[in-house]
Amino acid sequence: MSVPHLVTALTGPLLDLEHKILAAQPDIEHWFRNQWQEHTPPFYGSVDLRNAGYKLAPVDMNLFPGGFNNLNPDFHPLAVQAAMSALEDLCPSARRLLLIPENHTRNQFYLQNVAALAKILRQAGLNVRIGSLNPEITGPTTLELPDGQALTLEPVKRHGSRIGLDGFDPCAVLLNNDLSGGVPPLLQHVDQQVLPPLRAGWYARRKTEHFAAYNQVAGDFAKLIGIDPWVINPYFDHVDALDFHSREGEDRLAASVTAMLERTRRKYAEHGIDEAPYVIVKANAGTYGMGVMSVKSADEVIGLNRKQRNKMSVVKEGLEVHDVIVQEGVPTFETVDAAVAEPVIYMLDRFVVGGFYRVHTGRGSDENLNAPGMHFVPLAFASPCSTPDCDGAPDSEPNRFYSYGVVARLALLAASLELETAQAPEAVALAV
């Protein structure tokens with residue numbers, strides 16, 4: 001597998017941030033250990049980071065990661081050990097695990113992710129079978145994958161308050177399905193432990209709640225190592241009661257964009273950054289880069305044309321968007337083979353198990369790289385994110401990746417806080 005080598009020549013603020021992270025490494029790891037004594041990490045997660053050269057910040061946190069097949073296989077033992085740790089903490093008696101993926105059985109890349117995840121869990125000592133909620137799967141169905149593997153899906157069945165497969169009664173259930181459309185009746189009120197908890201699904205979760213929790217975490221961490229929290233934290237705002245088709249709420253959205261641009265402009269001036277600020281407007285729930293637009297002026301959200309309104313108004317499962325996060329745009333200055341790139345960090349339990357670069361040949365440094373129909377080449381990291389080279393330069397690969405891992409773990413900790421205070425699924429309208 002090819003791995004990218006960083007094409008960056010760092011000076012200035014981010015180099016200073018990496019210096020401070022390396023110098024404080026013992027304090028950082030001690031701080032994280034204490035945090036995990038008080039808070040339970042999600043079973044797994046992935047974080048989209050943006051490295052602007054003057055800022056290194058998370059821009060999205062996914063609690064149902066779908067790219068385990070993109071990780072460097074050399075780090076596979078890290079993932080197995082992390083899965084063992086997670087199971088010891090969350091479900092120590094588990095022997096049989098039911099893995100429930102998304103319904104899109106024609107997405108070969110996603111199915112390779114399911115196979116990679118199942119392999120990790122099996123090597124962690126579990127009997128793993130894959131149960132599908134897709135009504136088209138009515139019996140054991142074997143799918144051939146491009147890498148030569150085969151994946152067998154079986155229909156999930158319910159017996160009383162337990163779910164399983166024919167001849168298979170699992171101790172625990174792992175969701176790799178983000179529940180964008182709600183919680184199916186099949187999964188409601190089951191006896192087994194469900195990981196992540198149902199309230200982590202996008203039917204209930206909101207990005208603004210995550211970044212409110214991240215705001216708290218970033219502030220505490222910034223005090224620990226003596227930095228301005230802004231260098232690891234994107235500003236954000238919340239606009240709801242929108243209707244993109246009827247243009248209801250357009251003025252409020254424009255006002256939020258104007259305020260965000262001005263707030264960012266002031267911060268740029270404070271830090272001596274000569275860049276034009278921009279804003280990302282995206283649906284407050286959901287993944288797959290749907291319902292996202294990049295704007296540099298409030299004029300760009302006034303009077304959207306039909307195509308733009310259609311793009312912003314609907315996300316996965318055909319759900320309408322009435323609620324958006326308005327987020328400070330963090331450009332990426334990293335490139336792989338002359339194409340714009342951003343790091344994606346993968347975690348199991350509280351451990352970083354690897355990552356990859358999402359590389360887009362047709363987009364700019366200030367655009368969303370995670371979009372439907374995009375052409376991207378995921379390239380696994382050359383070294384893990386858990387072990388810095390304390391004798392190396394701050395921007396050497398191990399140390400850059402260590403900084404990535406630190407900021408990603410801050411987002412993971414924020415997700416822990418978010419889930420602790422999240423609304424229980426019973427209190428949310430469930431899909432029928």
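Contact here means heavy atoms within 4.5 Å. Keep that cut-off in mind for the tour. The model on screen is predicted.

**Whole chain**

Of its 432 residues, 59% are buried. Residues 24 or more positions apart account for 71% of them.

**Helices α3 and α4**

Next, select residues 76-90, which form helix α3, and residues 108-123, which form helix α4. Their axes lie 8 Å apart, and the helices pack at an angle of about 60°. The two are therefore oblique to each other. Look at the handedness too: α3 and α4 make a right-handed crossing.

Which residues in α3 meet α4? Show side chains for His-76, Ala-79, Val-80, Ala-83 and Met-84.

**Asn-134**

Move on to Asn-134. Find it in the loop that runs between β4 (127-132) and β5 (141-144). Is Asn-134 buried or exposed? Its relative accessibility is 8%, and the cut-off for buried is under 20%, so Asn-134 counts as buried.

Finish with the partners of Asn-134. Ignore neighbours within four places in sequence, then select Asn-103 and Thr-105: Asn-134 is in contact with both.

Note on methods: Residues numbered from 1 in each chain as written. Predicted model: local features only at pLDDT ≥ 70, side-chain atom pairs only at ≥ 80, totals over all residues. Heavy atoms only, no water. Axes fitted to C-alpha atoms, helices over the stretch in contact; angles between N-to-C directions. Helix = DSSP H or I, 4+ residues; strand = E, 2+ residues; numbered from the N terminus. Parallel < 35°, antiparallel > 145°, perpendicular 65-115°, else oblique. Left-handed = near helix turned anticlockwise from the far one by under 90°. Buried < 20%, exposed > 50% of the residue type's maximum accessible area, 1.4 Å probe, protein only.
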